[in-house]
Amino acid sequence: MSRQAGSSWSSWTLGKSGASTIEPPGSDLEDENFGSPRTFDPDFKGPVADRSCTDVLCCIIFILFIIGYILLGLMAWVHGDPRRVAYPTDSNGHFCGQKGTPNENKTILFYFNLFSCTSPSLLVNLQCPTTQICVSKCPEKFLTYMEMYFMYRTRENYWSYYSQFCKAASAKPVKAFTQLLLDDDCPTAIFPSRPFLQRCFPDFSTKNGLLTIGNKTTFNDGSGKTRNVVELRAAANGVNKILDARAIGMKVFEDYATTWYWILIGLTIAMLLSWMFVILLRVTAGFLFWVFILGVIGILAYGIWHCYQEYSKLQGKPNSHLSIYNIGIQTDISMYFQLKQTWFTFMIILAILEVIVIVMLIFLRDRIRVSIALLKEGSKAIGYIPSTLIYPVLTFIFLSICISYWAVTAVYLATSGTPIYKVIAPEGQCEHENKTCDPEIFNTTEIAKACPGAHCNFAFYGGKSLYHQYITTFQIVNLFIFLWLINFVIALGQCTLAGAFASYYWALKKPDDIPPHPLFTAFGRAIRYHTGSLAFGSLILATIQMVRLVLQYLDNRLKDAQSNISRFLQCCLKCCFWCLEHVVKFLNRHAYVMIAIYGQNFCRSARDAFNLLMRNVLKVAVMDRVTEFVLTLGKILVAGCIGILAFLLFTERIPMIVEGPTSLNYYWVPLLTVIIGSYLIAHGFFSVYAMCIDTIFICFLEDLERNDGSTARPYYMSQSLLKIMSKQSSQTKKQ
């Protein structure tokens with residue numbers, strides 16, 4: 001029997017002894033559809049040791065970019081000042097609470113007139129057109145300047161209290177009200193406030209369903225007008241859109257402060273559970289797979305049951321029949337869990353997932369046996385090279401360094417420059433508004449005379465030098481190199497693991513023929529010889545991701561101005577680039593395996609990997625999706641088990657076993673943290689398995705094309721794997 005070129009399955013024969021054999025493919029493999037003939041080295045015994053540097057030009061470019069990235073960071077470090085992010089800035093550009101300055105003990109920013117923050121100029125200048133000063137504490141009571149001015153005659157302490165919210169302290173209030181308005185030295189009124197994000201915001205509260213401040217719904221703003229609390233709330237929202245989230249933020253912080261040690265315990269258990277599963281996969285891959293399956297089915301069934309119980313409890317309760325659309329966006333997330341629609345939606349989603357898992361289990365039962373065989377083979381490889389389980393920690397360290405450097409550089413770039421001051425008019429009717437000015441001499445200029453009430457306030461940090469003119473460009477470069485480095489680190493990990501596992505596969509007598517320190521050797525080869533190839537593949541992926549980010553940015557910026565056609569085209573573009581990114585990731589992953597084995601450049605490795613996969617497209621369809629499905633079940637099982645335990649703990653449903661945290665505001669905050677953290681930990685462990693299986697699979701296909709099972713050309717695969725694949729081949733050809 002001969003094997004035809006381009007066939008997705010190799011032709012196998014079953015001898016009398018039951019051993020599977022494959023007809024020799026010859027020294028050359030010619031494929032009519034996928035590339036020119038490949039010449040096999042008859043002395044090939046595993047990953048090539050005699051290598052040369054690949055994609056040298058891309059390596060040089062990559063190194064130059066890294067050097068430039070370091071210089072960019074140093075340049076940003078020289079010009080930037082992160083204090084501008086950590087500390088609020090007053091109208092003169094001075095930091096509040098910065099040590100060694102007159103405002104060292106004044107850590108909070110105070111706004112003279114919050115009502116002016118509803119001005120249209122806020123949208124243009126991103127600054128509230130009112131004087132802002134640094135204070136040591138926020139006002140705690142209602143008081144207008146006129147009230148203080150008259151009461152000062154009987155009690156001097158009124159001025160001592162009021163003066164701390166003025167620009168400069170003096171022995172007594174010497175200015176009349178009209179002069180005060182012109183000079184803008186003091187606020188016309190103060191009202192109860194509390195610090196939030198180092199800024200004084202009104203201390204709102206709800207009493208009998210009414211919004212109040214200091215038990216008042218109306219008050220005097222100091223200029224003779226009676227204001228409503230709702231107006232003040234609107235003005236405060238103009239300064240900071242996240243004021244509504246203040247209560248939630250504080251409650252979430254309290255929940256984390258109460259449950260942080262329980263969260264750490266949960267994540268530690270997730271790590272131990274993932275490690276245990278990885279170890280057990282070596283000896284009980286088949287059994288553990290069914291544990292994964294039944295565990296996921298059980299978790300989903302419990303979720304469906306719980307959603308049904310919550311749905312039944314809400315029957316007949318007032319307002320539970322309302323829809324999410326009816327109540328709109330609420331800051332109190334718990335309100336959504338008081339609706340029947342919420343639990344019904346969760347129940348339907350979980351039921352659909354349950355059906356999908358069961359259907360896949362039924363229709364993929366034969367292919368799952370192949371995946372289990374590969375899992376067992378991968379378990380043996382990891383058992384012989386246990387150091388591979390530690391490598392995700394190194395990847396995590398590299399990624400943390402890249403993310404930290406990018407974030408710090410972005411902050412320093414954003415805070416580069418000198419203070420820029422601009423003319424701001426409260427009413428927005430000054431012809432000189434938005435022009436640059438000097439606060440030291442502003443009151444003596446013609447602008448101050450032409451626009452009574454205008455101020456020269458701090459606007460932003462900038463400059464006129466060449467560096468400051470290209471700040472935006474530098475931020476884009478910072479983001480692009482960050483994406484390049486992130487993808488390079490991931491590629492380095494994939495190539496290193498592939499080299500280590502390839503050393504295991506191509507060892508004829510395992511583990512005797514496995515070279516010493518295969519992981520360290522593979523890492524050294526990848527860095528020394530293939531930095532350029534890894535950088536080349538990472539550059540392609542980073543470019544695609546950058547285009548996706550640009551499209552998303554344009555979509556967000558032009559959302560309101562787009563027509564239906566432009567939205568449709570933008571959606572199509574984003575979808576196309578999303579698909580392209582995932583295809584490139586898939587091809588890159590297998591190209592890195594070929595690089596680790598043969599040591600060739602990226603383009604040739606990608607071509608060979610693509611041709612190899614296309615010649616065995618059905619095997620790829622079987623292995624890639626099903627194996628990924630199995631490993632995903634393992635991740636879900638780890639996260640689900642820890643999630644159920646955390647749910648029972650945080651909702652105080654197991655007080656007889658362990659006493660969990662009490663009086664939580666939102667139990668779902670630590671719960672989601674534990675579930676997401678557990679999933680990421682499990683992903684780190686199982687990603688080693690995924691790379692191991694991909695490498696073994698590629699080596700397996702190469703083994704089939706190189707060898708025939710004879711004494712001269714024996715298979716390097718295990719007999720159990722060969723037997724499983726032979727049976728699967730026979731079933732496929734019959735179909």
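Predicted model: local features only at pLDDT ≥ 70, side-chain atom pairs only at ≥ 80, totals over all residues.

Let me begin with helix α1, which covers residues 56-79. At 1.5 Å a residue, the 24 residues of α1 should span 34 Å, and the end C-alpha atoms of α1 are 35 Å apart, which agrees.

Which residues of α1 are buried? They are C58, C59, F62, Y69, L72, G73 and A76. On the surface, by contrast, we find a nonpolar patch formed by V56, I60, I63, L64, I67, I70, L71 and L74. Together these residues have about 720 Å² of accessible area. As one member of that patch, consider L71, which also lies in α1. Is L71 buried or exposed? Its relative accessibility is 51%, and the cut-off for exposed is over 50%, so L71 counts as exposed.

I turn now to the aromatic residues. A pair of aromatic rings is described by the distance of the centres and the angle of the planes. Across the whole structure, a search finds 18 aromatic pairs. One of these is formed by F62 and F488, with 4.7 Å from centre to centre and 35 degrees between the planes, and it is tilted. This pair links distant parts of the chain, since F62 belongs to helix α1 and F488 to helix α16 (residues 471-505), 426 residues apart. Buried means under 20% relative accessible area. F62 has a relative accessibility of 4% and therefore counts as buried. F488, at 9%, counts as buried too. F62 and F488 also belong to one aromatic cluster, together with F65, F480 and W484.

A ring may also have a charged residue over it, and here is such a case: K141 lies over the face of Y161, at 4.7 Å from the ring centre.

My next topic is the salt bridges. How many does the structure hold? There are 5 salt bridges. In one of them, the side chains of E310 and K313 meet, with 4.0 Å from N to O. Both residues lie in helix α9 (residues 285-313), and they are 3 residues apart, about one turn of the helix. E310 has a relative accessible area of 16%, so E310 is buried.

A further salt bridge joins E581 and R548, whose closest N and O atoms are 2.5 Å apart. E581 lies in helix α19 and R548 in helix α18 (residues 531-557), so the pair ties together parts that are 33 residues apart in sequence. E581 counts as buried because its relative accessibility is 6%, whereas R548, at 28%, counts as partly exposed.

D608 and R607 form another salt bridge, with the closest N and O atoms 3.2 Å apart. Here D608 counts as buried, at 5% relative accessibility, while R607 is partly exposed, with a relative accessible area of 41%. Salt bridges that share partners also join R548, E581 and K585 into one network.

Finally, let us return to helix α19, which runs over residues 564-598. Its 35 residues should span 51 Å at 1.5 Å a residue, and its end C-alpha atoms are 51 Å apart, which agrees. After α19 comes G599, whose phi is positive, near 75 degrees.

Thank you for your attention.

Technical notes. Residues numbered from 1 in each chain as written. Heavy atoms only, no water. Patch = residues over 30% accessible without salt bridge, like charges linked within 9 Å, V, L, I, M, F, W, Y side chains within 5 Å. Areas by Shrake-Rupley, 256 points an atom, 1.4 Å probe, with all protein chains shown as cover. Helix = DSSP H or I, 4+ residues; strand = E, 2+ residues; numbered from the N terminus. Buried < 20%, exposed > 50% of the residue type's maximum accessible area, 1.4 Å probe, protein only. Phe/Tyr/Trp six-rings, centres within 6.5 Å; stacked < 30°, edge-to-face > 60°. Lys NZ or Arg CZ within 6 Å of the ring centre and 35° of its normal. Expected span 1.5 Å × (residues − 1).
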